[in-house]
There are 2 protein chains.
Amino acid sequence: MKKLMNSPDAFVDEMLAGLVAAHPSLAQEGRVIRRTGGTKKGKVGIVSGGGSGHLPLFTGYVGDGLLDACAIGDVFAGPSVDSCIQAIRAADGGAGVLRLYGNYGGDRMNFDLAGEMVEMDSIQTTTVLGTDDIASAAPEDSAKRRGVAGIIYAYKIAGAKADTGAGLAEVTATAQAAVGACRTIGVALSPCQIPGAAKPTFELGADEIEMGMGIHGEPGIWRDKLRPADEIADEMVRRLLADPVAHGSDRVSVLVNSLGATPLEELFIIYRRAATLLKKEGLAIVRPLVGHYVTSMEMAGLSISIIRLDAEREKLLAAPCACPFWRV
Amino acid sequence: MKKLMNSPDAFVDEMLAGLVAAHPSLAQEGRVIRRTGGTKKGKVGIVSGGGSGHLPLFTGYVGDGLLDACAIGDVFAGPSVDSCIQAIRAADGGAGVLRLYGNYGGDRMNFDLAGEMVEMDSIQTTTVLGTDDIASAAPEDSAKRRGVAGIIYAYKIAGAKADTGAGLAEVTATAQAAVGACRTIGVALSPCQIPGAAKPTFELGADEIEMGMGIHGEPGIWRDKLRPADEIADEMVRRLLADPVAHGSDRVSVLVNSLGATPLEELFIIYRRAATLLKKEGLAIVRPLVGHYVTSMEMAGLSISIIRLDAEREKLLAAPCACPFWRV
């Protein structure tokens, strides 16, 4: 797989250097991206992080009304404990820091250790884990689910809540409720390749797709021949509605997200069908998102996320924010 | 090549249906996308258009402070004369309409014919053609150059100018000057495939790239082995500076644009190098754009555009606007 890079070792650092060069609102300190302006005194800080290779996740969501800082690792590898500590310190405005990231073992271990370390600086922290991927564990094991694209809703909602001046416990509860109201399912068409790796992260036949595959190529629900877009959308929506977060005439937002190489044209073909089905169920769609929000470099495929909006979440989702990759 | 679609024949119409379903600011009438709110009475209208398969170009740039309407064709095929007529009528606010689109034979023929037809409605039209691709013709034949990603700068600048209440001649002159101050060069890593076609638009070896290739696979300058990113960026910037639009301490904007499958990570690695080189020349970079702005579906590769900003263009580039794919 051809990549425009100088060397696998330089991939992440040169990518971060370009990110902050293009976006003066972001500042880089090693493997941490923070808001150039820092965290407002008295505002709850929000940190996230994880492996590289998912832009605009994670670092692209640092900005006013969203994240305060991110710790970032090598491609598909969690950030170091030191980076997590540094990100928490950068996010601290004196009112505590919420650690809001995807449910992956390595990330948890390092963010947890970092949380213990910053206690010595008297920085209080809490944790909310993204667990939206319904293909990664059964409903009764929902706490074991991985976090995928849906976490960006939690970023926006928690970020807006923190901007209201709410305290750490309240911001944490709002983020946890947002995660609890959100579900995602993905479908993979072709793999990506980690810079320097000898081969792609997985293999799929020239006419095969995999329903439910994770963003690092974690095994999904089934692998079979490519089907018409509407059949695929129907199954994805059916699976989301079978693990329900919304009923009746609830208001929801929907995210149709490219995993990388899948173009906007195909996202809109899928969105058109998914929106029709959800409306037929009686649900009202508010502020849908269609685009490249959480990717795996050049992987082809997409995910559909749905989040139930109560009155507060709808208001927080609509609140002004400023970061390079979120459009209100 | 796997595509999430229902049938090649339905590809464009279903894509447009999804686009307007996701973005209520856009309205669809057949193969025309226009602003739901219509064109303000007395404002100069701006229309564009071309073949499908380049999202967010063209239709994604319809919105306040940008385009008023777009005529859109099948994938990589120009819009029909009827669609062009319909788009011009939709864009008309009584003050004339600028036709602003890329320099491709079929598009010119149909937009020109449409212009003659709407004269009978007493709609005055003018034309400005995007001609930014320096690889498509020599400087002495610059009027023969194709339009590629740089045209989005002309959209933004002409759209903001029209919003000031300027007349048709003035908006046209501003758009023409923006095109004249802009240059682009691309590099291709892998092809895309037209829905329903038996094979990709071109072939490239597993380790080959093509410098200067057009967005539909038009032949470029050279084809050779993949090189380190900095070497590629150096050559692209060198070629842009050899066909100069900016000198000394001029202020410029720079667009590093994915042709589709090339991820943000690689765009930022290239941007980092390009920005360093341009700053070393003494140029000041203002409002850089890095992302998916003008694509060819799942084609891998990128383009770099540079536009010189005089005081007026810089102000117009920064003016507020509202469309799904432009972030101020």
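Strand 7 (182-190) of chain A and strand 7 (182-190) of chain B each supply at least two residues to the lining of the second largest pocket, and I would like to start there, keeping in mind throughout that what we are looking at is a predicted model. This pocket has a volume of about 680 Å³, and 26 residues line it, with A:Met1, A:Ser190, A:Glu298, B:Met1 and B:Ser190 lying nearest its centre. If we sort that lining by class, we find 15 nonpolar residues, five polar ones and six charged ones.

Which residue forms a salt bridge with A:Glu298? The partner is A:Lys3, and the closest N and O atoms of the pair are 2.9 Å apart. Over all chains, the structure holds 53 salt bridges.

Let me turn now to the interface. How many residues of chain A are in contact with chain B? There are 52 of them, and they are in contact with 52 residues of chain B. The size of an interface is often given as the accessible area lost when the parts come together. Here chain A and chain B bury about 4,400 Å² between them, with 66% of that area on carbon and sulfur atoms. On the side of chain A, the residues that lose the most area to chain B are A:Lys2, A:Leu4 and A:Glu265, which together make up 21% of what that side buries.

As for the pairs that cross the interface, the count between the two chains is two salt bridges, and in a salt bridge between A:Arg272 and B:Glu14 the closest N and O atoms are 3.4 Å apart. On chain A, helix 1 (11-22), strand 8 (208-211), helix 6 (229-242) and helix 7 (264-280) each supply at least two residues of the side that touches chain B. By class, that side has 31 nonpolar, nine polar and 12 charged residues.

Rolling a probe the size of a water molecule over the atoms shows where empty space is left. In this structure there are seven cavities of 30 Å³ or more, and the largest cavity contains about 220 Å³ of space. Its lining is made of 16 residues, and those nearest the centre are A:His292, A:Arg327, B:Gly291, B:His292 and B:Arg327. The elements giving two or more residues to this lining are strand 12 (289-291) of chain A and strand 12 (289-291) of chain B. By class, the lining of the largest cavity divides into 10 nonpolar, four polar and two charged residues.

Finally, a detail of the backbone. A cis peptide bond joins A:Leu55 and A:Pro56, with omega at about 5 degrees, and A:Pro56 lies in the loop between strand 3 (45-52) and strand 4 (69-75) of chain A. In chain B, a cis peptide bond joins B:Leu55 and B:Pro56, where omega is again about 5 degrees, and B:Pro56 is found in the loop between strand 3 (45-52) and strand 4 (69-75) of chain B.

Conventions: Residues numbered from 1 in each chain as written. Chains lettered and ligands numbered in written order. Predicted model: local features only at pLDDT ≥ 70, side-chain atom pairs only at ≥ 80, totals over all residues. Heavy atoms only, no water. Contact = heavy atoms within 4.5 Å. Buried area = accessible area lost by both parts, 1.4 Å probe. Salt bridge = Lys/Arg side-chain N within 4 Å of Asp/Glu carboxyl O. Helix = DSSP H or I, 4+ residues; strand = E, 2+ residues; numbered from the N terminus. Nonpolar A, V, L, I, M, F, W, Y, C, P; charged D, E, K, R; others polar. 1 Å grid on protein atoms, 1.4 Å probe; cavity = no way out; pocket = protein on both sides within 12 Å on 5 of 7 lines; lining within 4 Å. Points joined across faces, edges and corners; volume = space filled by probe spheres on them.
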